[in-house]
Amino acid sequence: MFKNTKAFSGFSVNDIQKAKEFYGETLGLEVSETHGLLNLHLAGGTTVLVYPKPNHTPATFTILNFPVDNIEEAVDQLTKRGVRFERYEGDLKTDAKGIFRGGGPLIARFKDPAGNVLSVLEESA
């Protein structure tokens, strides 16, 4: 039934303008706004819908993962743009930069202005 539909994902934020600035300027994504909704245009032709929700509650899971060739460079560049990386202890312990190096892909998580969790992760060659 849905085999040939162009499905898309979406998530909520509490402030579309803050989201537009963050995703467009801080992260450098192509964004467009229509009827009060924000579209994130990702590589490969994928579009993610960002919609306002007055009683928004941040997602308790990672909503977007951005694969990168070099996580050190990505974390450094984003930090210079004002992004704060999450720090974890225990099984998911991160280093001083916020990078998890405990097995699996190198990954660093951060939040958008609405508190939704995003990540950068290093792709294996």
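Reader: What volume does the second largest pocket have?

Author: About 160 Å³. Rolling a probe the size of a water molecule over the atoms shows where empty space is left. Here a pocket is an open set of points on a 1 Å grid over the protein atoms alone, where a 1.4 Å probe fits, with protein on both sides within 12 Å along at least five of seven lines. The volume is the space filled by probe spheres set on those points, joined across faces, edges and corners. Keep in mind that this is a predicted model, where local features need pLDDT of at least 70, side-chain atom pairs need 80 or more, and totals for linings use all residues. Numbering runs from 1 along each chain, and side-chain values use heavy atoms, without hydrogens and water.

Reader: Which residues line the second largest pocket?

Author: Lining residues have an atom within 4 Å of a point. For this pocket they are Phe22, Thr26, Arg81, Gly82, Val83, Arg84, Glu86 and Lys111. They split into two nonpolar, two polar and four charged; Asp, Glu, Lys and Arg count as charged, Ala, Val, Leu, Ile, Met, Phe, Trp, Tyr, Cys and Pro as nonpolar, and the others, Gly among them, as polar.

Reader: And how many residues line the largest pocket?

Author: There are 13, with Leu27, Phe66, Val68, Leu78 and Val120 nearest its centre. β5 (62-68) and α2 (71-80) each give two or more residues to that lining. Helices (H or I, at least four residues) and strands (E, at least two) are DSSP runs, numbered from the N terminus. The lining has eleven nonpolar residues, one polar and one charged, and the pocket's volume is about 300 Å³.
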